[in-house]
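Hi everyone, thanks for coming. I'd like to walk you through one structure today, so please have a look at it before I start talking.

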Amino acid sequence: MEFSEPQWLFLLILVPAYGLYSWLRSRRMPGLVFSNTTATGHAPRGLRVYISSLPLILRMGTMTLCILALARPQIREVTQEQYAEGLDIILVLDTSTSMRAEDFQPNRFEAAREVASEFIEGRVSDRIGLIVFAGKAYTQTPLTLDYPFLQNMLDEVEVGAIQDGTAIGTAIATAVNRLKDTVAESKVIILLTDGQNNRGEIDPVTASEVAATLGVRIYSIGVGTYGEAPFVVDSPFGGRQRQMVPVEIDEDMLRSIAQQTNGQYFRAVNEQALRDIYAQIGELETTEIETRIYTDYEERYIRYLIPGLILLMLEILLTTTFLRRFP
């Protein structure tokens with residue numbers, strides 16, 4: 001509870017001051033004058049003597065309650081509503097065997113999945129979908145606001161589950177197909193890959209031209225260190241061996257498809273760089289959230305005013321009947 005006009009509360013200091021003044025005044029004001037009051041010193045006291053101060057107490061209570069009523073006590077209830085027109089975002093994740101390279105910890109794929117999961121957690125009111133690709137592209141999760149379900153589907157993605165290869169053009173075309181009929185004002189594809197387009201029937205540049213026509217923006221990310229990266233392979237003579245393989249990312253193509261759609265190209269050489277890239281994309285693609293606050297006030301002054309009037313009426317009743325003074 002709060003007071004709408006708390007300045008009236010300063011008058012409360014007058015209540016004890018009035019009580020003290022009235023008590024001192026009653027002590028100085030004589031009733032009936034007698035020549036000798038010695039005989040009355042041992043006289044028994046009746047009820048009227050014990051409750052003689054009750055009118056003053058009732059009057060002080062009346063003053064206190066009326067002052068509290070003047071301060072307008074209120075109960076405030078605040079309702080906050082948020083409205084957000086989110087984006088439509090498709091995460092396109094490369095699951096080819098080259099994503100097992102260990103220039104990231106523990107490897108490129110696991111690092112990319114972890115950072116993508118963090119990106120999903122940081123979004124609000126955005127519909128997000130997931131497409132995985134290697135030699136072919138598949139929709140792992142359509143656009144959804146069910147982030148826990150999306151996280152579960154992301155956890156189920158594995159390297160090697162799809163025919164090997166890198167069909168970047170097909171992956172872009174699949175993502176564009178998911179976005180073409182949506183009504184969101186902003187449509188985004190975040191493409192992550194570590195290789196060159198070597199599978200599929202659709203050229204990445206052609207797919208990006210279609211995306212640009214439909215107003216879809218592509219942010220492309222090349223993952224992998226420069227030069228060579230450690231890669232674990234199965235030896236035909238038994239066991240697993242670590243060998244260095246060249247990192248071949250078609251940066252010119254990734255940069256071209258990003259520029260074609262008014263997006264950006266990024267190169268991630270380690271996990272922290274990848275995390276920073278997703279954070280930068282998150283800042284570029286923000287969701288505007290409109291907050292409306294409704295405040296409802298319930299007046300409570302009547303709960304003080306009515307008891308105050310009752311006390312006043314009781315005081316008047318007592319002072320004009322049972323506690324009436326003469327003269």
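**Salt bridges, cavity and pocket**

Let me begin with one side chain: Arg242 is exposed, with a relative accessible area of 55%. Here exposed means over 50% relative accessible area, buried means under 20%, and partly exposed is in between, using a 1.4 Å probe and protein chains only. The areas themselves come from the Shrake-Rupley method with a 1.4 Å probe, and for residues only the protein chains shown count as cover.

Before I go on, some housekeeping. This is a predicted model, so local features need pLDDT of at least 70 and side-chain atom pairs count only at pLDDT 80 or more, while totals for chains, interfaces and linings use all residues. Residues are numbered from 1 along each chain as its sequence is written, and side-chain values use heavy atoms, with hydrogens and water left out.

Back to our arginine. Which residue does Arg242 form a salt bridge with? The partner is Glu102, and the closest N and O atoms are 2.4 Å apart. Arg242 sits in strand E9 (residues 240–246) and Glu102 in the loop between E3 and H4, so the pair ties together parts that are 140 residues apart in sequence. Glu102 is partly exposed, at 24% relative accessible area. By salt bridge I mean a side-chain nitrogen of Lys or Arg within 4 Å of a carboxyl oxygen of Asp or Glu. Side chains of opposite charge can pair when their charged atoms come close.

How many salt bridges does the structure hold? The count is 18. Another one joins the side chains of Arg59 and Glu315, at 2.3 Å from N to O. That pair links distant parts of the chain, with Arg59 in helix H3 (residues 54–70) and Glu315 in helix H10 (residues 302–320), 256 residues apart. Arg59 counts as partly exposed at 27% relative accessibility, whereas Glu315 is buried at 5%.

Then there is Arg123 with Asp126, whose side chains meet in a salt bridge at 2.7 Å, N to O. Are these two buried or exposed? Arg123 is buried, with a relative accessible area of 10%, and Asp126 is buried as well, at 0%.

There is also a network of salt bridges linking Glu114, Glu118, Glu271 and Arg275. Glu271 is found in helix H9 (residues 271–284) and counts as buried at 18% relative accessibility. Leaving out residues up to four places away in sequence, Glu271 touches Phe104, Gln105, Ala111, Glu114 and Val115. Contact here means heavy atoms within 4.5 Å.

Now let's zoom out. The chain has 10 helices and 11 strands; helices (H or I, at least four residues) and strands (E, at least two) are DSSP runs, numbered from the N terminus. Buried residues make up 39% of the 327 residues. Among contacts between residues at least 6 apart in sequence, 81% join residues at least 24 apart. The chain exposes about 19100 Å², and carbon and sulfur atoms supply 54% of that area.

On a 1 Å grid over the protein atoms alone, a cavity is a set of points where a 1.4 Å probe fits but cannot get out; a pocket is an open set with protein on both sides within 12 Å along at least five of seven lines, and lining residues have an atom within 4 Å of a point. Grid points are joined across faces, edges and corners, and a volume is the space filled by probe spheres set on the points.

Which element gives the largest share of the cavity lining? That is E3, with 3 residues. The lining divides into 9 nonpolar, no polar and no charged residues, where Ala, Val, Leu, Ile, Met, Phe, Trp, Tyr, Cys and Pro count as nonpolar, Asp, Glu, Lys and Arg as charged, and the others, Gly among them, as polar.

The second largest pocket holds about 310 Å³ of space. Of the 17 residues that line this pocket, the closest to its centre are Ser98, Asp194, Gly195, Pro246 and Glu248. By class, the pocket lining has 5 nonpolar, 8 polar and 4 charged residues.

That's my tour, and I'm happy to take questions.
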